[in-house]
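Welcome, and thank you for taking a look at this model with me. Please have the sequence and the 3D view open, and let us walk through them together.

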Amino acid sequence: MASARVEAERLFIGAGCNRIVNNVSWGPSGLVAFGAHNAVAIFCPKSAQILTTLPGHKAVVNCTYWLPSCKDAYKVENVENHFLLSGSVDGTILIRGFQIRERKWNGAFQVPEAHKKSVTCLTGILISQSVALFASASSDGSVYLWEVIIPSSFDDDCKITVLESLSVGPKPMVALSLAELAGDPGHIILAMGGLDNKIHIYSGDKTGKLALACQLKGHSDWIRSLDFSIPIWSDDEKNSLFLVSASQDRTIRIWKMVLHVSSANTEVPYRKGDTGLMSYIEGPIFMAGPTAYQVSLESLLVGHEDWVYSVEWQPPLPSRNGNVYQQPMSILSASMDKKMMIWRPEKTTGIWINEVTVGELSHSALGFYGGHWAPDGDSILANGYGGSFHLWKNTGIDYENWEPQRVPSGHFSAVSDIVWSRSGEYLLSVSHDQTSRIFAPWRSKTYTGNKIVWHEIARPQVHGHDINCVVIIKGKGNHRFVSGADEKVARVFEAPLSFLKTLNHAILEETSSSGDLHEHVQILGANMSALGLSQKPIYVNASNETSRMVHKDETDSLETIPDAVPVVLTEPPLEEQLAWHTLWPESHKLYGHGNELFSLCCDHEGKLVASSCKAQSPSVAEIWLWEVGSWKAVGRLQSHSLTVTQLEFSYDDSFLLAVSRDRQFSLFSIIKSGENVSYQLVAKHEAHKRIIWACSWNPFGNEFATGSRDKTVKIWTIQGDSSVKQLVTLPPFRDSVTALSWTGCDRSKNSGLLAIGMDNGLIELWHLSGGRIPGRQTELTPFIAEPAMRLDPFLCHVSTVHRLAWRSPDADNLKTMQLASCGADHCVRVFEVVYDN
């Protein structure tokens, strides 16, 4: 038999940002790089989509940095290849080439002999088209300066050498900035700051031998961010340089470094023609080669109410005649007080003031870890405590008008489970970040033209515990789901009217199963509870009163939680709307389990839900059956002695399959007659040598697959007398098998695709066919299992795959299918799989 041809491409990636300072970098190519668990994710602000994730690191990514940076890009405007640096918790630094025109990445090159502990900060400058310098700081108390020789060919590796290694003692540095000295391009200057509250200035020539030039004192807490401007012109000479510093003492300081002239004339003008209050407080004088520089405190900026984590100069802009680039006098700061501010000197007095503030009304941000300018200075981006991005664009023409924009979103911790809605309109995911999220393709032509773009459209549950499992109730009726968390209670949620109407806007051209029920839904949305547990409904009649109360009392404190205002969305929502106004009300709690919930599943009729919890004894390892609607417990199935890791009903709902940490699987027959449910254990096998993590049924028949930590997948079939026989064992995989999902392709041949996810993040597709043909029960053909494809590592996860799920897997004959996956790398992914037999 000829092998089936299978191709897969990426449709969507949802991922949150690692919650750490220095993690995000906006490059001159217009792309933003950020660490998402062990991968570096790349997103395009214009399309609000994550384009790819770059594997390579074996530990969490702490910091990213583009070479050239936006500050240096004017030096090499036409260069084709840019480079991305990334540093991780294990001390590794990787560098990757990026070809701008073809949007192509080359392999990751590991910087040799890097740090022994976590890399906390990266900074760099371009010396010429072929040479760059970058500095790295680590929690091991060292700061390294590196030289990068950029190859002429894109496919060649960079040549990287250590120029200098500095030991800074027991208080490590967490902020760095590197620049060429004004008026002396042969010398460089490195500023570093950290836990000793001082800014250390090192200078040296481009061969990299650095000497401590001076220390700048003034801040009273840790230095969190430093950034040099490009040299400032004065009297037609590049004779001054500015350094901005931010600290946990809530202040920002601007330091000025000018060529030191004779003591008779220490006043070097700030800019030609400037007068007023620009006299500065004199600081130390330091030597760089034969040249002396005077440091002074230019300004102290006070305005933030919490730690200031990030400051950044606006990237250089061309002058009016276009041949000279100038440094705009504009600084962006981001703080844990949920605000980003743009600071500029007043035109008349020269005093630095806060001209723009964004983000201050957000209930969702919980503070910002970093703020970044777009290359053209027209947009600003913040990454927040909740792993979220917040983007504002200046849409004004004659005056500044900063409007929030759409950004990619996703979980900021391990994604534990995913499930498709009944008709495949959306994908629901749950995570250890204590949220559940709904991702959907937005089809409205008014928003995207003819293109279908995926977005997060709702965040139905924001919880006080890590969420481990979820299932959507199948069968007719309103959209409902059950989730299980690190508590002993399963919770039932029901879609409110605002979501049903939003969903109709999103799936404009598809028939929605929600449309026929709108008139019966009386709940508009839900409010968060103080402890983040139960979500209380907001009724349709009460919504007007709620919104009036919100507008009347604008002030809120940490003790009060403002009421949500559920709205029908006609465009994909912004982060602020998602976090507050798209909650679903909780309708029931299911009490019974003795430990944290671990697995959930629902039958295909929508009549029964099965649940399991973490267990170390047979009594706790019971599987509970719940009747949908009444939510009464109608069964307690006993078979296993340890945690039941996954449950799944067969497609005709006659069997329930359970797999467990005790290396066994159990098969129960389920018989429903009217209101009553009876069940019986019909088979139990010790199937693998290690924990069985996953199982999946064939949509066309009574075959099922089990996958284990022993790196094997086994296919089983149920024979007429309900006994179970093993059909085949697939060849051993390269790592533990942690997720399985079986979809049907051709009922007449009993053929389908089995998606297999592993502990290393990789996904393989296997073509399975033969056995007992549906509709011809007496006809037995040889059962064949053959590899169909291995997904490219660039498409896959970078750590454990937790769940795989095919969209609408029970169609009779499919050529184009969608496969969703989630994993420990914080990512939700959707692939389009084309199957051609």
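Which residues are buried in helix 2? They are L497, S498, F499, L500, T502, L503 and A506. Here, buried means under 20% relative accessible area, exposed means over 50%, and partly exposed lies in between, using a 1.4 Å probe and protein chains only. Helices (H or I, at least four residues) and strands (E, at least two) are DSSP runs, numbered from the N terminus.

Before going further, a word on what you are viewing. This is a predicted model, in which local features need pLDDT of at least 70, side-chain atom pairs count only at pLDDT 80 or more, and totals for chains, interfaces and linings use all residues. Residues are numbered from 1 along each chain as its sequence is written, and side-chain values use heavy atoms, with hydrogens and water left out.

Back to helix 2, which covers residues 497-506. Seven of its 10 residues are buried, so helix 2 is largely enclosed by the rest of the structure. Those buried residues pack against strand 37 (435-442), strand 38 (453-462) and strand 42 (523-527), where a contact means heavy atoms within 4.5 Å.

Now zoom out to the whole protein chain. It has four helices and 63 strands. Of its 837 residues, 60% count as buried. If you take the contacts between residues at least 6 apart in sequence, 55% of them join residues at least 24 apart. The chain exposes about 32,300 Å², and carbon and sulfur atoms supply 49% of that area; accessible areas come from the Shrake-Rupley method with a 1.4 Å probe, and for residues only the protein chains shown count as cover.

Four strands form an open sheet in the order 25-28-29-30, with antiparallel pairing; two strands pair if DSSP finds at least two bridges between them. At the edges are strand 25 (308-313) and strand 30 (352-358), each of which pairs on one side only. Neighbouring strands of this sheet are turned against each other by 25 degrees on average, direction ignored. For such angles, axes are lines fitted to C-alpha atoms (for helices over the stretch in contact), and angles run from 0 to 180 degrees between N-to-C directions. Strand 29 (residues 340-345) runs antiparallel to strand 30, and six bridges join the two. You can find P345 standing opposite W352 in strand 30.

Next, compare two single residues. T706 sits in strand 54 (residues 703-708) and is buried, with a relative accessible area of 0%. Its side chain meets that of H688 in a polar contact of 2.8 Å. A polar contact is a pair of N or O atoms within 3.5 Å; within protein, one must be able to donate a hydrogen and the other to accept it, and residues adjacent in sequence count only if both atoms are side-chain atoms. Leaving out residues up to four places away in sequence, T706 touches several others, among them V659, F665, I692, W716 and L740.

D378 is found in the loop between strand 31 (368-373) and strand 32 (379-384). At 34% relative accessibility, D378 counts as partly exposed. Not counting residues up to four places away in sequence, D378 touches W392, K393, N394 and W402. D378 and N394 are 16 residues apart in sequence, while their C-alpha atoms are 5.5 Å apart in space.

Finally, let us turn to charge. Side chains of opposite charge can pair when their charged atoms come close. The structure holds 26 salt bridges, each a side-chain nitrogen of Lys or Arg within 4 Å of a carboxyl oxygen of Asp or Glu. One of them joins D486 to K614, with the closest N and O atoms 4.0 Å apart. D486 lies in the loop between strand 40 (480-485) and strand 41 (490-494) and K614 in the loop between strand 46 (608-613) and strand 47 (623-627), so the pair ties together parts that are 128 residues apart in sequence. D486 is partly exposed at 27%, and K614 is partly exposed at 31%.

Another salt bridge joins R829 and D825, at 3.7 Å from N to O. R829 is buried at 1% relative accessibility, and D825 is buried at 0%. Salt bridges that share partners also join D433, R437, E456, R459 and E575 into one network.
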